[in-house]
Amino acid sequence: MAASQSLNQMDYQRLAEFRYHLRAFLKFSERAAGQMGLSPQQHQALLAIKGTPGGRITIGVLAERLGIRHNTAVELIDRLIANGLAERRQNPADRREVLIDLTHRADRMLAKLTLAHRNEVRKLAPLLRQLLAPFEKRQSKGSNRKT
């Protein structure tokens, strides 16, 4: 069956609405970061550093998490360090590896931003669930047919 045959007008409308709300959330996030004196990429880096499972992040892992090249991540970390938001330290278990930590100042800034983002996500969650539910239902129906 051709892809267009399995789509209906509501699929397009839901997807357009979903993307609209994602873009609105990203704009909210950019404004909130800017109000704290951060670029959106700096905010994303702070969040990735703080939120990486295990609490240990290297520049390579940061580059992967942000979808940027290694040298771009190095420049980003250098700017964070220059602004007093991050620190490098040697991994005691592997002295060749450099880990990145947030400063107390960065922790405080990130906590404020994360609270604002969590509140925004809580406002959006019911709408996003409503928009996504029909896609999940359709997929699970398709999955049942395959088994």
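This text walks through the structure from its overall layout to single residues.

The model is predicted: local features need pLDDT of at least 70, side-chain atom pairs count only at pLDDT 80 or more, and totals for chains, interfaces and linings use all residues. Residues are numbered from 1 along each chain as its sequence is written, and side-chain values use heavy atoms, with hydrogens and water left out.

Start with the layout. The chain has five helices and three strands. Here helices (H or I, at least four residues) and strands (E, at least two) are DSSP runs, numbered from the N terminus. Read from the N terminus, the order is α-α-β-α-α-β-β-α.

The chain has 147 residues, and 31% of them count as buried. Buried means under 20% relative accessible area, exposed means over 50%, and partly exposed lies in between (1.4 Å probe, protein chains only). Accessible areas come from the Shrake-Rupley method with a 1.4 Å probe; for residues, only the protein chains shown count as cover.

Contacts show how the chain folds back on itself. A contact means heavy atoms within 4.5 Å. Take the contacts in the chain with a separation of 6 or more: residues 24 or more positions apart account for 54% of them.

Leucine 80 gives a local view. L80 sits in helix α4, which spans residues 70-82. Is L80 buried or exposed? Its relative accessibility is 0%, so L80 counts as buried. Leave aside the neighbours within four places in sequence, and L80 is in contact with Q42, A45, L46, I49, L85 and A86. One of these, L46, is 34 residues from L80 in sequence, yet the two C-alpha atoms are 8.7 Å apart in space.

With a relative accessible area of 9%, Q42 is buried. Beyond its neighbours within four places in sequence, Q42 is in contact with G37, L76, R79, L80 and N83.

Helix α1 covers residues 9-35. S29 is part of this helix. It is buried, because its relative accessible area is 13%. Leaving aside neighbours within four places in sequence, S29 is in contact with H43 and H117.

Now turn to charged pairs. Side chains of opposite charge can pair when their charged atoms come close. A salt bridge is a side-chain nitrogen of Lys or Arg within 4 Å of a carboxyl oxygen of Asp or Glu. How many salt bridges does the structure hold? It holds six.

One of them joins D107 and K50, at 3.0 Å from N to O. D107 is partly exposed at 26% relative accessibility. K50 counts as exposed, at 51%.

Another bridge joins D78 and R88, whose closest N and O atoms are 2.5 Å apart. D78 lies in helix α4 and R88 in strand β2 (residues 86-90), so the pair ties together parts that are 10 residues apart in sequence. D78 is partly exposed, with a relative accessible area of 36%. R88 is also partly exposed, at 38%.

R89 and D101 form a further bridge, at 2.4 Å from N to O. R89 is in strand β2 and D101 in strand β3 (residues 98-102), 12 residues apart. R89 has 33% relative accessibility, so R89 counts as partly exposed.

The surface also carries patches. Patches are made of residues with over 30% relative accessible area and no salt bridge; like charges are joined within 9 Å, and nonpolar side chains (Val, Leu, Ile, Met, Phe, Trp, Tyr) within 5 Å. Lys and Arg count as positive and Asp and Glu as negative, while His and the chain ends are not counted. The place of a charge is taken as NZ of Lys, CZ of Arg, CG of Asp or CD of Glu.

Which residues form the positive patch? They are R19, R23, K27 and R31. R23 lies in helix α1 and is partly exposed, at 43% relative accessibility.

A nonpolar patch of about 230 Å² is made by L15, L132 and F135. L15 lies in helix α1. Its relative accessible area is 45%, so L15 is partly exposed.
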